[in-house]
Amino acid sequence: MVILGIDPGIAIMGYGLIKLEANRIHVIENGVITTSSTTPTPQRLKLLYDNLEKIIDEFKPDEFAIEELFFNQNVKTAITVGHARGVQILCAQDKNIPIYEYTPLQIKQAITGYGRASKKQMQLTVATLLNLKEIPKPDDAADALAVALCHSLSQRFKENFRMN
């Protein structure tokens, strides 16, 4: 099974692809898609969609996991990131990929066992669990891998403890 994890954003969208084989998880690809703040928002959204579609077409993920938004003080930024997140979800929906959403708290809890873990703790744990030599860069790519890993751990837990 291939899982695509997304750290949503309009300026920087992180993505991470992991593959589950038996009891092993390994990284296929991770990185970011960036857009310029000087580009009009509709064009930025189209760039995100088109680039995400290329990733989906190339790697053919079985499931799509995305982080839910954490709203901050800047409402305008939150709305714009919300637009980007909607486009990212739409892209997965257009490709008929099952979509799963996780809060930052859920992701931290699944990865580190502590819902208030620091960004550094998260990154170190992701690198350790995925047997990486170093923490993925930039942070958005590491966060996307954390989303994918959270989903894989959640799914494996559900499968192992399914009630009949």
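**Note on helix packing, cores and selected residues**

1. The crossing of H1 and H2 is right-handed. This is a predicted model. H1 covers residues 41-59 and H2 covers residues 75-94. Their axes lie 9 Å apart, and the packing angle is about 35°.

2. Which residues make the contact of H1 with H2? From H1 come Thr41, Leu45, Leu48, Tyr49, Leu52, Glu53 and Ile56. They meet Thr80, His83, Ala84, Val87, Gln88, Leu90, Cys91, Ala92 and Asp94 in H2. By class, the residues of this contact are 10 nonpolar, four polar and two charged.

3. The largest nonpolar core holds 22 residues. Leu4, Ile6, Met13, Tyr15, Leu52 and Phe64 touch the most other members. At least two residues of this core come from each of strand E1 (2-7), strand E2 (12-21), H1, strand E4 (63-67) and H2. H1 gives the most, six residues.

4. Another core lies apart from the largest one. This other core has 18 residues, including Ile18, Met122, Leu130 and Cys150. As a general point, nonpolar side chains in soluble globular proteins tend to be buried together.

5. Tyr15 deserves a separate look. Setting aside neighbours within four places in sequence, Tyr15 is in contact with Leu4, Gly5, Ile6, Glu29, Asn30, Gly31, Val32, Ile33, Ile55, Ala141 and Ala144.

6. Val32 lies in strand E3 (residues 24-34). Is Val32 buried or partly exposed? Val32 is partly exposed, because its relative accessible area is 29%. Not counting residues up to four places away in sequence, Val32 touches Ile12, Met13, Gly14, Tyr15, Pro138, Asp140 and Ala141. The C-alpha atoms of Val32 and Ala11 are separated by 9.7 Å, with the two residues 21 apart along the chain.

7. Gln123 sits in helix H4 (residues 119-129). At a relative accessible area of 6%, Gln123 falls under 20% and is therefore buried. Beyond neighbours within four places in sequence, Gln123 is in contact with Ile135, Asp139 and Ala142.

8. On cysteines: how many disulfides does a search of the whole structure find? The search gives zero. Cys91 is buried, with a relative accessible area of 0%. Cys150 is buried too, at 1%.

Notes. Residues are numbered from 1 along each chain as its sequence is written. This is a predicted model: local features need pLDDT of at least 70, side-chain atom pairs count only at pLDDT 80 or more; totals for chains, interfaces and linings use all residues. Side-chain values use heavy atoms; hydrogens and water are left out. Axes are lines fitted to C-alpha atoms, for helices over the stretch in contact, and angles run from 0 to 180 degrees between N-to-C directions. Helices (H or I, at least four residues) and strands (E, at least two) are DSSP runs, numbered from the N terminus. A crossing is left-handed if the near helix is turned anticlockwise from the far one by less than a right angle, and right-handed if clockwise. Contact means heavy atoms within 4.5 Å. Ala, Val, Leu, Ile, Met, Phe, Trp, Tyr, Cys and Pro count as nonpolar, Asp, Glu, Lys and Arg as charged, and the others, Gly among them, as polar. A nonpolar core is a set of buried Ala, Val, Leu, Ile, Met, Phe, Trp, Tyr and Cys residues joined through side-chain atoms within 4.5 Å. Buried means under 20% relative accessible area, exposed over 50%, partly exposed in between (1.4 Å probe, protein chains only). A disulfide is a pair of cysteine sulfur atoms within 2.5 Å.
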